[in-house]
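Please look over the model shown below, and then read the notes on its helix contacts and its metal site.

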Amino acid sequence: MKYKYVCIECGRSYAVESGRYLCDDCAPKQSADQPLRGQLEVQISGDAPADWEALKGLAGHPRLDLSVPEADVRGLLPVPKGFFPPIPVGNTPLWEPRRLREELGLEGLFLKDDTANPTGSLKDRASYLVAAFAAQHGLKDIIVASTGNAGSSMAGVAAAAGLNVRLYLPASAPVAKIVQAMQYGANVIKVEGTYDDAFDQSLAYVNEHGGLSRNTAHNPLTVEGKKTVSLEIFRQLRASMPDVVYVPTGDGVIISGVFKGFEDLVTLGLADKVPEVVCVQADGSAALTRALASGGFGVPEAAHTIADSISVDVPRGGLFALGRLQKHSGRCVTVSDDAIVSAQRRLSSSSGLFAEPAAAAAFAGLLADKDAGRGPGKKDRAVVLLTGNGLKDIATAMKGVEE
Ligand SMILES: [Zn+2]
């Protein structure tokens with residue numbers, strides 16, 4: 001397999017090398033309070049590794065084992081396997097929630113449980129690849145801004161890898177996520193301001209002092225690492241695509257990764273087409289929803305939602321995500337904070353999976369679709385992507401049990 005970086009705006013290509021984050025031609029066009037310009041994506045080419053090639057023509061084959069990771073997702077990532085740190089990221093379970101299926105009349109409902117990652121969130125997929133890249137290039141220091149999950153994730157994965165992490169956190173981040181990052185040994189800098197302020201400060205630090213930026217969207221490997229969730233869903237559905245996937249969305253990087261994973265499977269000839277991907281946002285933090293409706297990003301609005309992981313004024317990975325939503329006829333659904341709290345409780349009490357508010361938003365999106373009569377059909381295979389563990393934000397979860 002061959003890998004290169006390609007600018008999502010102008011198509012200029014670059015080698016996958018240390019110090020390369022954005023397109024030289026497009027990044028200078030950056031204006032304040034807008035999504036990142038010149039974001040790069042990893043483009044793959046060549047033949048699939050043998051373990052993936054072996055899945056061809058086996059769609060739905062009953063002898064394919066759902067649980068055994070026979071086809072290794074690392075074989076489709078731009079860092080050789082030997083550089084990945086010793087921490088079991090990914091290969092998370094795909095639940096078949098019987099009670100929820102019965103309650104909702106959705107026989108093909110699945111829950112992709114990324115709360116089962118080592119630090120409790122999907123962000124580990126990006127941290128894992130970033131840590132491998134650091135090892136490959138002899139880098140020791142990683143800098144990241146985060147509302148909580150990306151930072152605690154990078155801290156945990158770095159602890160396994162023996163890397164240093166400098167983490168910029170808005171003071172409003174849930175205390176569990178701050179404690180978690182500090183437990184892993186990160187150097188935490190609390191920022192008086194929003195995630196956007198933390199992001200700017202962390203980039204200023206990298207520009208001045210060097211180190212590897214793990215900032216989501218800024219480092220192309222963050223989207224690329226997150227694509228592994230789609231590769232796993234494909235494998236777990238016996239080498240076939242789901243009909244629809246619900247993705248909680250804030251800065252746009254997870255949904256970009258979800259699209260990218262499905263696209264790579266099509267590129268490799270393993271699947272025919274990218275499935276429907278639904279972007280679920282809190283109605284108080286819905287920049288991508290507005291952009292998809294209007295065709296572009298306007299003046300940012302201050303985000304207000306209890307779902308901290310998807311609370312974003314300016315979606316840094318907005319151009320990538322918007323481009324993919326447009327290309328693949330994606331759509332957006334917004335949900336209220338009340339709907340998120342109630343969906344969180346319902347998911348927990350009907351399935352046994354306790355997800356954080358941002359993750360529960362994806363389930364709330366499915367419920368909203370169902371109420372509006374545009375949800376998945378009874379037999380459709382619908383996957384809800386649950387991105388973070390409920391124990392990460394107890395204060396919000398309390399609202400669900402006090403109702
Ligand atoms: Zn460019």
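## Contact of H10 with H11

In this predicted model, Leu 288, Ala 291 and Leu 292 of helix H10 are in contact with Gly 318, Ala 321, Leu 322, Leu 325 and Gln 326 of helix H11. By residue class, this contact of H10 with H11 comprises six nonpolar and two polar residues, with no charged ones.

H10 spans residues 287-294 and H11 spans residues 318-327, and their axes, which come within 10 Å, cross at roughly 50 degrees. H10 is therefore oblique to H11, and the crossing of H10 and H11 is right-handed.

## Contact of H8 with H9

Helix H8, covering residues 228-236, packs against helix H9, covering residues 253-267, at an angle of about 55 degrees and with the axes 6 Å apart. The two helices, H8 and H9, are therefore oblique to each other, and their crossing is right-handed.

On the H8 side the contact is made by Val 229, Ser 230, Leu 231 and Phe 234, while H9 contributes Gly 257, Val 258, Gly 261, Phe 262 and Leu 265. The residues of this contact of H8 with H9 divide into six nonpolar and three polar, and none of them is charged.

## Zinc site

The zinc ion has as its protein donors the SG atoms of Cys 7, Cys 10, Cys 23 and Cys 26, which lie 2.3 to 2.4 Å from the ion. Along the chain, these donors of the zinc ion follow the spacing C-x2-C-x12-C-x2-C.

The angles among the four donor atoms are 107 to 116 degrees, and the site of the zinc ion is tetrahedral.

Definitions and conventions:
Residues numbered from 1 in each chain as written. Predicted model: local features only at pLDDT ≥ 70, side-chain atom pairs only at ≥ 80, totals over all residues. Heavy atoms only, no water. Axes fitted to C-alpha atoms, helices over the stretch in contact; angles between N-to-C directions. Helix = DSSP H or I, 4+ residues; strand = E, 2+ residues; numbered from the N terminus. Parallel < 35°, antiparallel > 145°, perpendicular 65-115°, else oblique. Left-handed = near helix turned anticlockwise from the far one by under 90°. Contact = heavy atoms within 4.5 Å. Nonpolar A, V, L, I, M, F, W, Y, C, P; charged D, E, K, R; others polar. Donors = N, O, S within 2.8 Å, 3.2 Å for Na, K, Ca; no water. Tetrahedral: all angles 85-135°; square planar, octahedral: opposite > 155°, others 65-115°.
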